[in-house]
Amino acid sequence: MRPKRPSIDSVTTINEDGSRYMVHPAGVRGFWTRTRRIFGYLALAAFVLLPLVPVGGHPAVFLDIAGRKFHLFGLTLMFQDLWLLFFLITGLGFTLFLVTAIIGRVWCGWLCPQTLFLDHVVRRIERVIEGDAPVRRQLDSAPWTAGKIFKRALKHALFFLFAALVAHVFLSYFVSVPGLWGMMHASPLANWHLFLFVFGMAAALYFDFAWFREQFCIVLCPYGRLQSALIDDHSIVVGYDEKRGEPRGKAGTTTGDCIDCRRCVQVCPTGIDIRQGLQMECIACEACIDACDEVMVRIGRKPGLVRHDSLNALAGKASRFLRPRLYLYLVFALLGASVFLFAATQVRPVLLYVSRLPGAPYIRADGIVRNNFLMRLGNKLSGEETFRVQVRAAQPGLESVGATQKPITLGPGEEIQEPIILTVPDEIFRGEFPVTVEIVNSAGTVVNRREIPFLGPFREGAFAQ
Amino acid sequence: MNPNEHPTHNAGEHDDDALRPHTYDGIQEYDKRLPNWWLFTLYGAILFSVGYWAYYHWTGHMQQGWVRVQSEIEAVKLAALGKGEPPSSLQLYNFGKDEKIVAAGQKTFNTTCAACHGEDLKGGIGQNLVDATWIHGGTPMDIFNTINNGVTEKGMPSWGPLLGQQRIAEVVAYIVSKNPTIAQPAE
């Protein structure tokens with residue numbers, strides 16, 4: 001069976017009658033394939049290692065939903081700190097915008113989990129078991145012999161095994177690796193909802209690996225569609241040099257460099273012909289670059305007929321690097337990143353609120369002026385900690401009773417409310433003044449502070465201070 | 001874009017395909033068939049909605065929203081009735097003999113009241129609670145009301161909204177257990 005010829009007017013992998021056409025991308029070798037594969041394996045290793053490697057006593061990434069704590073590379077966020085992630089995520093999002101505007105869909109080709117799993121694991125397994133594209137196409141239409149059944153069963157078993165592995169690693173981001181290990185040794189009924197989640201995710205991934213594949217990128221993925229708004233004619237994309245390649249034809253018969261060998265079409269995992277220009281199916285996997293370069297070198301022509309370049313440069317026009325959209329994306333990316341970094345340094349290991357107790361704002365009796373406050377103190381650390389509460393003010397004669405009198409020991413996540421009663425002798429009270437309430441940990445470091453106003457009767461000259 | 005104007009060779013293979021009549025900024029689109037798997041999810045969702053609708057309305061396994069809200073309102077009303085009933089002096093006095101309630105009251109007293117009334121209850125900024133002198137009434141219910149409502153002009157906050165009736169009752173029980181001058185009330 002001859003492979004289908006791609007058309008610019010329709011999606012190759014969807015037939016005229018709506019049925020699915022399975023693309024069998026041929027194997028390819030070259031600089032980009034090799035580099036991308038090494039990078040891909042590193043990225044896959046990072047995916048597995050992030051919930052495994054400890055940073056500051058916790059896994060590098062541990063989104064502990066049950067404990068409502070989120071550990072990110074040593075930074076621990078309680079669920080009330082989660083607003084921070086808005087800036088982290090928008091910062092990362094706009095960084096992606098920026099990168100896309102400069103070098104196109106590099107995310108899709110190099111870092112997207114879908115591509116990492118498909119290109120570096122699933123298609124590798126398929127190729128080892130069933131052979132290269134023409135052999136696989138033959139096997140598709142071959143009758144069901146014992147050999148075909150064995151190959152297919154082995155391939156699908158390995159696909160499901162890999163899908164289950166990915167699902168388990170994914171779950172370990174939320175329950176930690178020891179947590180996952182414990183669950184795997186318990187009855188499935190003990191954590192039946194998580195068991196169902198992992199099974200469902202493994203099933204969905206298996207379906208993706210075994211059948212769905214590039215349909216995800218072409219039809220489902222919203223980011224693939226966002227590209228058209230992010231890329232302009234100055235962005236570097238994977239493109240075919242039409243001016244150099246056309247008119248195409250057998251070597252010696254035309255002036256164009258393209259010999260129409262169709263290698264670029266055979267290796268394409270989404271079934272397009274890159275010579276028809278930039279298309280939404282292209283995930284920038286660079287297989288066609290390596291395929292074409294190999295042929296060009298073999299027939300003694302200059303490589304780079306298919307290469308990374310901007311649409312303007314490929315059309316022989318001037319290409320600009322700095323454009324308004326770059327500045328815009330950069331500003332938004334930096335905004336997100338700087339707000340996140342600033343706010344992350346402001347995250348305190350203890351929660352502290354001091355509010356005035358209900359009743360009179362101040363009390364004058366027995367020669368003293370008194371203010372009543374209620375302090376809320378919470379321990380956001382992962383272990384038990386003993387805190388001291390101290391008050392400081394410029395006003396002499398300030399005395400305090402209540403929470404400041406003895407150390408307070410709080411377990412992880414524990415929160416208490418205690419009054420702080422502040423007094424100043426009436427005859428030396430000079431008027432309203434600020435009081436700083438400080439929380440000191442067992443190491444003697446001030447870990448959080450709040451300022452509260454001490455109120456009292458009006459005194460001459462109080463506003464002159 | 002008109003496919004016939006496309007510069008590359010393979011274009012125009014599908015000239016017989018119907019073009020949709022609309023044109024935006026010179027862009028037109030073909031009337032292509034949707035992928036079968038996509039249509040399958042649509043038909044699947046329609047079938048699911050019929051089954052779900054039948055299950056929701058006729059099996060009784062799932063409570064409908066308004067039924068659930070009504071039962072929740074009833075539960076809240078019931079709980080409010082039980083909590084809203086003020087204790088009696090005798091009840092509070094008897095609480096003072098219950099070790100568990102006294103221990104709970106002591107914990108609240110030490111974190112909340114001891115700042116002014118002292119951990120030994122002998123007073124400080126606040127009044128002495130273990131002598132026989134009571135400014136705002138010395139029956140357990142009087143003490144309960146003083147804590148609950150506060151004495152604003154003397155700087156005693158109203159603890160009702162902060163502590164709640166149960167914890168105030170426990171604190172009263174603790175004071176009763178520490179002050180032998182409080183007599184057993186008639187009721």
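**Notes on a predicted two-chain model**

1. Start inside chain A. A:R36 and A:D119 form a salt bridge, with the closest N and O atoms 2.6 Å apart. A:R36 sits in helix α1 (residues 31–49) of chain A and A:D119 in helix α4 (residues 113–130) of chain A, so the pair ties together parts that are 83 residues apart in sequence. Both A:R36 and A:D119 are buried. Keep in mind that this is a predicted model.

2. A second pair in chain A is A:D232 with A:R323. Their side chains meet in a salt bridge of 2.7 Å, N to O. A:D232 lies in the loop between α10 (222–230) and β6 (236–240) of chain A, and A:R323 in the loop between α14 (311–314) and α15 (324–346) of chain A, so this pair ties together parts that are 91 residues apart in sequence. Here too, A:D232 is buried and A:R323 is buried.

3. Next comes A:R364 with A:D426. The side chains meet in a salt bridge at 3.0 Å, N to O. The pair links distant parts of the chain, 62 residues apart: A:R364 is in strand β9 (residues 363–365) of chain A, and A:D426 is in the loop between β14 (415–425) and β15 (433–440) of chain A. Is A:D426 buried or exposed? A:D426 counts as buried because its relative accessibility is 15%, and the cut-off for buried is under 20%.

4. Salt bridges in chain A also form a network. Which residues are linked in it? They are A:E126, A:E130, A:R136, A:D140, A:R152, A:K155 and A:R213. For the whole structure, a search over all chains finds 26 salt bridges.

5. Now the domains. Chain A is divided into domain 1 (1–142 + 213–347) and domain 2 (350–454). Note that domain 1 is given as two segments, 1–142 and 213–347. The C-alpha centres of domain 1 and domain 2 of chain A lie 57 Å apart.

6. Take a look at A:E214. This residue is found in helix α9 (residues 214–220) of chain A. A:E214 counts as buried because its relative accessibility is 4%. Leaving out residues up to four places away in sequence, A:E214 touches A:T13, A:R20, A:R123, A:P269 and A:T270.

7. What does the side chain of A:R263 reach at 3.3 Å? The side chain of A:R263 reaches the backbone oxygen of A:G27. With residues up to four places away in sequence not counted, A:R263 touches A:A26, A:G27, A:V28, A:A291, A:E294 and A:V295.

8. Turn to chain B. Chain B has seven helices and zero strands. Read along the sequence, its pattern is α-α-α-α-α-α-α. Chain B has 187 residues, and 31% of them count as buried. Of the contacts in chain B with a separation of 6 or more, 53% come from residues 24 or more positions apart.

9. B:S49 is partly exposed, with a relative accessible area of 39%. The C-alpha atoms of B:S49 and B:H61 are separated by 16 Å, and these residues are 12 residues apart along the chain.

10. Last, the interface. The contact takes 34 residues from chain B and 39 residues from chain A. How much area is buried between chain B and chain A? The value is about 2800 Å², and carbon and sulfur atoms give 58% of this area.

11. Polar links cross the interface too. The rule finds two salt bridges between chain B and chain A. One of them joins B:E119 and A:K406, whose closest N and O atoms are 3.4 Å apart. Between chain B and chain A, eight residue pairs are in polar contact, both residues being at pLDDT 80 or more.

12. Which elements give two or more residues to the side of chain B that touches chain A? They are α1 (36–58) and α4 (99–117) of chain B. The largest share of that side, five residues, comes from α4(B). By class, the side of chain B that touches chain A has 14 nonpolar, 13 polar and seven charged residues.

How values were computed. Residues are numbered from 1 along each chain as its sequence is written. Chains are lettered from A and ligands numbered from 1 in the order in which they are written. This is a predicted model: local features need pLDDT of at least 70, side-chain atom pairs count only at pLDDT 80 or more; totals for chains, interfaces and linings use all residues. Side-chain values use heavy atoms; hydrogens and water are left out. Contact means heavy atoms within 4.5 Å. Buried area is the accessible area (1.4 Å probe) that two parts lose on being put together, summed over both. A salt bridge is a side-chain nitrogen of Lys or Arg within 4 Å of a carboxyl oxygen of Asp or Glu. A polar contact is a pair of N or O atoms within 3.5 Å; within protein, one must be able to donate a hydrogen and the other to accept it, and residues adjacent in sequence count only if both atoms are side-chain atoms. Helices (H or I, at least four residues) and strands (E, at least two) are DSSP runs, numbered from the N terminus. Ala, Val, Leu, Ile, Met, Phe, Trp, Tyr, Cys and Pro count as nonpolar, Asp, Glu, Lys and Arg as charged, and the others, Gly among them, as polar. Buried means under 20% relative accessible area, exposed over 50%, partly exposed in between (1.4 Å probe, protein chains only). Domain bounds come from an automatic or database domain assignment.
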